[in-house]
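Subject: Structure for you to look at

Hello,

Here is the structure I said I would pass on. Please open it first, then read the notes below it.

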Amino acid sequence: MSKVIIFCAPSGSGKSTIIGSLMPREELNLAFSVSATTRPPRGQERDGVEYLFLSPEQFRAHIVADDFIEYEEVYADRFYGTLKSQVEKQLAAGQNVVFDVDVHGGMRLKEYFGDRALSLFIQPPSIDALRQRLEGRATDAPEVIRQRLDRAEYELSFAPRFDRIVVNDDLETAKQEAYKAIQEFLS
Ligand code: ADP
Ligand code: 5GP
């Protein structure tokens with residue numbers, strides 16, 4: 001039976017970079033769960049690839065229709081959610097589904113999928129390193145970076161509730177650790 005891998009981390013920890021290195025590994029047979037969000041696309045993001053970019057009205061209609069496994073207002077007026085239809089399609093196709101969600105979403109998905117899920121927390125070496133990475137990524141306005149750092153400490157307090165913690169100090173080491181944890185879980 002196909003399984004699910006849940007990635008959580010404060011924004012800027014390197015989660016997308018690590019996930020991006022794992023997705024092409026054919027032996028893992030991974031599919032990325034495309035979440036819905038009301039935030040605007042960032043950089044080169046495309047609708048339907050990184051996210052389904054929805055208006056607040058469209059997002060609300062999905063809430064009312066009970067279409068989400070979970071959803072969160074991660075930042076003020078910025079909603080993110082996992083659509084049941086999206087995930088069911090991928091699991092039915094026999095793929096192992098990878099989630100990139102906030103800590104509340106991660107907890108809820110772990111509860112929903114139980115032993116079928118591996119939850120991984122990607123931890124930055126420090127808040128200062130996180131600030132440098134967000135600034136270095138240069139995709140967010142200073143106010144957005146401040147919001148993300150404000151939330152980071154709160155999110156870090158969730159780390160012990162995850163199946164595995166991967167510290168992303170040296171990127172290659174972190175990629176290897178994540179790869180090994182997933183490979184073990186799937187075998
Ligand atoms: P997230 O998806 O967690 O928000 P990203 O993967 O976008 O984070 O990474 C944030 C920034 O930090 C990117 O510019 C990325 O290249 C950089 N980065 C990721 N891992 C490391 C690392 N181990 N050391 C230094 N910079 C890193
Ligand atoms: P970003 O705007 O940087 O892409 O994502 C911001 C935060 O929202 C990240 O912590 C990301 O993991 C989280 N997120 C993305 N999709 C979902 C989702 O479907 N549900 C929840 N709960 N969080 C999500």
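**Ligand 1**

Around ligand 1 there are 13 residues, and those that come nearest are G12, S16, T17, R137 and N168. Please keep in mind that this is a predicted model.

What is the make-up of the shell around ligand 1 by class? It holds 7 polar, 4 charged and 2 nonpolar residues. Two helices, α1 (15-22) and α5 (127-137), each supply at least two residues of this shell. The largest share comes from α1, with 3 residues.

Some polar contacts can be looked up one by one:

- R137 has a polar side-chain atom 2.8 Å from an oxygen atom of ligand 1.
- R133 has an N or O atom in its side chain 3.3 Å from a nitrogen atom of ligand 1.
- G14 uses its backbone instead: a polar atom there is 3.0 Å from an oxygen atom of ligand 1.

On its own, ligand 1 has 570 Å² of accessible area, and the protein covers 74% of this. The space that ligand 1 takes is the largest pocket.

**Ligand 2**

Which residues come nearest to ligand 2? They are S35, R39, Y51, Y80 and D100, out of 18 residues around this ligand. By class, the shell around ligand 2 has 8 charged, 5 polar and 5 nonpolar residues.

The contacts to find here are these:

- For G81, a backbone N or O atom is 3.2 Å from an oxygen atom of ligand 2.
- For T82, an N or O atom in the side chain lies 3.3 Å from an oxygen atom of ligand 2.
- For D100, a polar side-chain atom is 2.6 Å from an oxygen atom of ligand 2.

How much of ligand 2 does the protein bury? Taken alone, ligand 2 exposes 510 Å², and 97% of that is buried by the protein. The elements giving two or more residues to its shell are β5 (68-75) and β6 (78-83). Of the elements, β5 gives the most, with 4 residues.

Where in the chain does this shell come from, in terms of domains? Domain 1 (1-29 + 95-187) and domain 2 (33-93) each provide at least three residues of the shell around ligand 2. As for the space taken by ligand 2, it is the largest pocket.

When you go through the model, you could start with R137 beside ligand 1, then turn to D100 beside ligand 2.

Regards

Note on methods:
Residues numbered from 1 in each chain as written. Chains lettered and ligands numbered in written order. Predicted model: local features only at pLDDT ≥ 70, side-chain atom pairs only at ≥ 80, totals over all residues. Heavy atoms only, no water. Near = heavy atom within 4 Å. Polar contact = N/O pair within 3.5 Å; in protein donor to acceptor, adjacent residues only side chain to side chain. Areas by Shrake-Rupley, 256 points an atom, 1.4 Å probe, with all protein chains shown as cover. 1 Å grid on protein atoms, 1.4 Å probe; cavity = no way out; pocket = protein on both sides within 12 Å on 5 of 7 lines; lining within 4 Å. Sits in = over half its atoms within 2 Å of the grid points. Nonpolar A, V, L, I, M, F, W, Y, C, P; charged D, E, K, R; others polar. Domains from an automatic or database assignment.
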